[in-house]
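Please open the model in a viewer and keep the sequence panel at hand.

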Amino acid sequence: MEIIELLRKPWPWYVAGPLIGLTVPALLLLGNKSFGISSTLRHICAATVPANIPFFKYDWKRESWNLFFVAGIALGGFVATFLLSNPEPIVIASSTKSDLAALGITDFSGLMPADLFSVVNILSLKGLIFLVFGGFLVGFGTRYAGGCTSGHAIMGLSSLQWPSLVATVSFMIGGLICTNFLLPVLLNWVV
Amino acid sequence: MEKIRNTSAGNADNGNHALLPDDSLDGANQQRNSETFAGNFKYLIVGLLFGIVFVKAEIVSWFRIQEMFRFDSFHMFGVIGSAVAVGLISIWLIRKWKVTTISGEEVSIADKTFNKGQIYGGLLFGFGWAITGACPGPLYAQIGGGFLAVTVTLLSAIAGTWVYGWLRPRLPH
């Protein structure tokens, strides 16, 4: 039972990081697969609406292992949330918490603030910005960059690809600018 | 060292890999033979374990991403940094000991070629990451974890990818 209690607590970075790193050799040794999740978004486009666009005309079925991989991630998210959930509220840095509270965030109980990410917000301005606009940037940006945190920051840096370092630095700069300049404006506007 | 082929994704020696030559596909499949349907379940299991780590380490949390971009916590930097360190050592050992895949192939990793998209796209993704609190991997884990509103984020991300594919010939690279 103690093991379960331990698993239910939030896992520290020095446990989670190395486990994530092990995904790299696991995928390589299981079948010469490079770790990279954002390409699944492209496979979904290629499988559903290729629309005769050259970028979506390739053998996506050959890459379907990645769709199984992300289906696994969703299942893992289910298992961790409903079978191994942490009964305590999330503990975040007090400075982040006070900054966000000043911007109007009131719900600090779960992994995502209900102020922004609850289903009732889907058809509101909040949903349009935090779900639709944000999601569009994630999909457009990762594909334009040729990868995301997994493909560039983890797989790319692990295999010493310098373009991945450029991409990773760009992700961080974009995130820093957005968090510190755009996000306060957006939150003041909609919350 | 030279035994390890570094091939570009797309122009691999097998003809059924019909990707554009200047294409930097992440998550490339460099295995010679296609996977069977049953064989793909290996990756579902790896994904399942990975998804559990994502949620339990709170990497899927919007709050954790906010902390990272405000430099208020070491957590996310520790996760990414130690993941890269373990990945780096693993690949180094695979190359040093010439470890093969379970079907006996030599391990091959596609080289990434630089283009300006890594800067422009990277900046745009950084904005999206800060707004949604998610990169593509956590989107799937959040949906599995019951944040059903994120389904909209995922659909919009797919739409963003589609629009990129459509505009690609006209974008600076």
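## First stop: a helix pair across the two chains

Select A:L41, A:R42, A:I44 and A:C45 in α3(A); they meet B:A157, B:I158, B:T161, B:W162 and B:G165 in α6(B). Two residues are in contact if their C-beta atoms, placed from the backbone, lie within 7 Å. Helices (H or I, at least four residues) and strands (E, at least two) are DSSP runs, numbered from the N terminus. By class, this contact has six nonpolar, two polar and one charged residues. Ala, Val, Leu, Ile, Met, Phe, Trp, Tyr, Cys and Pro count as nonpolar, Asp, Glu, Lys and Arg as charged, and the others, Gly among them, as polar.

The model is predicted: local features need pLDDT of at least 70, side-chain atom pairs count only at pLDDT 80 or more, and totals for chains, interfaces and linings use all residues. Residues are numbered from 1 along each chain as its sequence is written, and chains are lettered from A and ligands numbered from 1 in the order in which they are written.

Now view the two helices as axes. Those of α3(A) and α6(B) come within 9 Å and cross at roughly 75°. Axes are lines fitted to C-alpha atoms, for helices over the stretch in contact, and angles run from 0 to 180 degrees between N-to-C directions. The helices α3(A) and α6(B) are therefore roughly perpendicular to each other (angles under 35 degrees count as roughly parallel, over 145 as roughly antiparallel, 65 to 115 as roughly perpendicular and the rest as oblique).

## Along α6(B)

Which residues of α6(B) are buried? They are B:V150, B:V152, B:T153, B:L154, B:S156, B:A157, B:I158, B:G160, B:T161, B:W162, B:Y164 and B:G165. A residue is buried if 20 or more other C-beta atoms lie within 10 Å of its own, exposed if 12 or fewer, and partly exposed in between, with C-beta atoms placed from the backbone. What covers the buried residues of α6(B) includes α3, α6 (114-117) and α7 of chain A, together with α4 (117-132) and α5 (136-144) of chain B.

Colour by chain. Chain A has nine helices and zero strands, and buried residues make up 52% of its 191 residues. In chain B there are six helices and zero strands, with buried residues making up 54% of its 173 residues.

Next, select the contact between the chains, which takes 121 residues from chain A and 119 residues from chain B. On the side of chain A that touches chain B, the largest share, 18 residues, comes from α2(A). The residues of that side divide into 74 nonpolar, 40 polar and seven charged.

With 31 C-beta neighbours inside 10 Å, A:G141 counts as buried.

## The nonpolar core

Select A:A16, A:I154, B:V53, B:F54 and B:V79, the residues with the most contacts inside the largest nonpolar core, which has 101 residues. The largest share of this core, 10 residues, comes from α4(A). A nonpolar core is a set of buried Ala, Val, Leu, Ile, Met, Phe, Trp, Tyr and Cys residues joined through C-beta atoms within 7 Å.

Centre on A:I154. Leaving aside neighbours within four places in sequence, A:I154 is in contact with A:I20, A:V24, A:F35, A:T149, B:A83, B:V84 and B:G87.

Move to helix α2 of chain B, residues 62-69. Eight of its eight residues are buried, so α2(B) is largely enclosed by the rest of the structure. What covers these buried residues includes α5, α6 and α9 of chain A, together with α3 (75-96) and α4 of chain B.

α2(B) is followed by B:F71, in the loop between α2 and α3 of chain B. Phi of B:F71 is near 55°, a positive value in a residue other than glycine. B:F71 is partly exposed, with 13 other C-beta atoms within 10 Å.

Finish at A:N52, in the loop between α3 and α4 of chain A. A:N52 has a positive phi of about 65° although it is not a glycine. Is A:N52 buried or exposed? A:N52 is exposed, with 6 other C-beta atoms within 10 Å.
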